[in-house]
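Please examine the sequence and the three-dimensional model shown below. The paragraphs that follow lead through its charged pairs, one of its helices, its surface and its backbone angles.

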Amino acid sequence: MAGFAEMDVDTIWHNGEYVDWEDATTHVLTHGLHYGTGVFEGVRAYDTEEGTAVFRWEEHLDRFYESTKPYDMEIPYSREEITEATMEVIRRNDLESAYVRPIAYYGYNSLGVSPGDCPTDVAIAAWPWGAYLGEDALENGIKAMVSSWRKHSSSQIPTNAKTTGLYVNSLLAGEEARRNGYKEAIVLNKEGNVAEGPGENIFLVRDGELFTPGLSESILDGITRNTVIELARERGYTVHDNVSISRGELNTADELFFTGSAAEVTPIRQVDNVEIGNGSRGPITEELQTAFFDLVERRTDDHEEWFRYV
């Protein structure tokens with residue numbers, strides 16, 4: 001991904017105002033900076049023949065607001081205001097396709113662990129972002145390693161809230177993988193079962209059926225995960241979406257792939273030193289990946305309700 005300085009984007013929405021990119025700043029004593037007390041979303045907008053379309057915006061907005069609940073955080077803007085600001089940010093930056101990042105966090109007032117009277121600051125940015133794990137990865141798959149870092153339990157920190165601070169866990173796992181020559185990590189939960197990637201859900205294919213860890217396995221309830229489950233079932237596949245997957249099952253899978261708003265549908269061709277299947281993108285992964293991109297780029301009329309046009 002190119003640095004922001006190389007991108008032709010110049011506007012961010014911040015606390016109700018459209019500001020120049022370089023002016024979208026916050027105080028160094030902001031509560032969210034010190035304690036990770038923020039929530040965010042990652043959303044894709046796609047270039048289609050009908051115009052720029054934001055994919056599953058309502059579901060992302062639902063999760064954005066729901067993620068605030070464990071932290072007693074109140075977003076001081078309505079869904080309609082956040083929606084219009086998001087669409088306008090895309091328009092003002094003249095983006096045909098984009099990655100969109102809404103974020104809400106406890107701002108500057110006091111610096112005890114309790115946020116006290118800290119305000120809830122909200123910002124929305126959008127920028128061009130290609131394939132998260134690389135264009136080549138979409139076709140040829142990636143090498144992943146099982147991280148030594150474990151995913152925290154929902155009894156410790158709520159795993160179904162998309163919280164900024166929790167991504168320290170993701171950073172540790174992902175950087176460990178990259179230092180060891182892998183593209184991405186696979187993270188186990190505290191019981192030693194497969195949870196997810198640092199920023200992705202994971203699917204396993206065995207004997208023509210799909211398996212993905214359930215919500216009780218300390219995963220985020222991914223919106224792309226749910227999309228792929230529905231696309232697979234529409235094509236006649238049996239999907240087991242509430243299972244436990246052992247680490248060893250990764251090695252004997254016919255196919256593996258990641259899903260996520262950033263990662264989209266990315267095959268996994270190797271885990272640790274074990275080649276998965278024939279070491280390339282498997283046929284079911286390819287079918288579902290094609291179905292996904294046909295959908296989001298509107299080469300099919302399916303699921304019109306999942307799109308909001310800018």
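A search of the whole structure finds 22 salt bridges, a salt bridge being a side-chain nitrogen of Lys or Arg within 4 Å of a carboxyl oxygen of Asp or Glu. The model is predicted, and local features need pLDDT of at least 70, side-chain atom pairs count only at pLDDT 80 or more, and totals for chains, interfaces and linings use all residues. Residues are numbered from 1 along each chain as its sequence is written, and side-chain values use heavy atoms, with hydrogens and water left out.

One of the salt bridges joins the side chains of R63 and E41, with 2.8 Å from N to O. R63 lies in helix α2 (residues 57–67) and E41 lies in the loop between β3 (38–40) and β4 (43–48), so this pair ties together parts that are 22 residues apart in sequence. Are the two partners buried or exposed? R63 is buried, with a relative accessible area of 9%, and E41 is buried as well, with a relative accessible area of 1%. Here buried means under 20% relative accessible area, exposed means over 50%, and partly exposed lies in between (1.4 Å probe, protein chains only). The accessible areas themselves come from the Shrake-Rupley method with a 1.4 Å probe, and for residues only the protein chains shown count as cover.

Another salt bridge is formed by R56 and E59, whose closest N and O atoms are 3.1 Å apart. R56 is buried at a relative accessible area of 9%, whereas E59 counts as partly exposed because its relative accessibility is 24%. D272 and R247 also form a salt bridge, and their closest N and O atoms are 3.3 Å apart. This pair links distant parts of the chain, 25 residues apart: D272 is in the loop between β15 (264–271) and β16 (274–275), and R247 is in helix α7 (residues 247–251). D272 counts as buried because its relative accessibility is 17%, while R247 is partly exposed, with a relative accessible area of 40%. Salt bridges can also be joined to one another, as in the network that links E58, D62, R79 and R308.

Attention may now turn to helix α3. How does the span of helix α3 (residues 79–92) agree with 1.5 Å a residue? The 14 residues should span 20 Å, and the end C-alpha atoms are 20 Å apart, which agrees. The expected span of a helix is taken as 1.5 Å times one less than its number of residues. The buried residues of α3 are I82, T83, A85, T86, M87, E88, V89 and I90. E81 is also found in helix α3, but E81 counts as partly exposed because its relative accessibility is 42%. Between E81 and S67 there are 14 residues in sequence and 18 Å in space, C-alpha to C-alpha.

The surface carries a nonpolar patch formed by V28, L29, L33, Y35, Y108, L111 and V113, which together have about 680 Å² of accessible area. Patches are made of residues with over 30% relative accessible area and no salt bridge; like charges are joined within 9 Å, and nonpolar side chains (Val, Leu, Ile, Met, Phe, Trp, Tyr) within 5 Å. V28 is found in the loop between β2 (17–20) and α1 (31–35), and V28 counts as exposed because its relative accessibility is 58%.

Most residues other than glycine have a negative phi, and most peptide bonds are trans. N15, however, has a phi near 50 degrees, a positive value in a residue other than glycine. N15 is placed in the loop between β1 and β2, and N15 is partly exposed, with a relative accessible area of 30%. H303 likewise has a positive phi, near 50 degrees. H303 is found in the loop between α8 (283–296) and β17 (307–309) and is buried, with a relative accessible area of 13%. H303 and L215 are 88 residues apart in sequence and 24 Å apart in space, C-alpha to C-alpha. Just after α3, D94 takes a positive phi of about 55 degrees.

Conventions: Helices (H or I, at least four residues) and strands (E, at least two) are DSSP runs, numbered from the N terminus.
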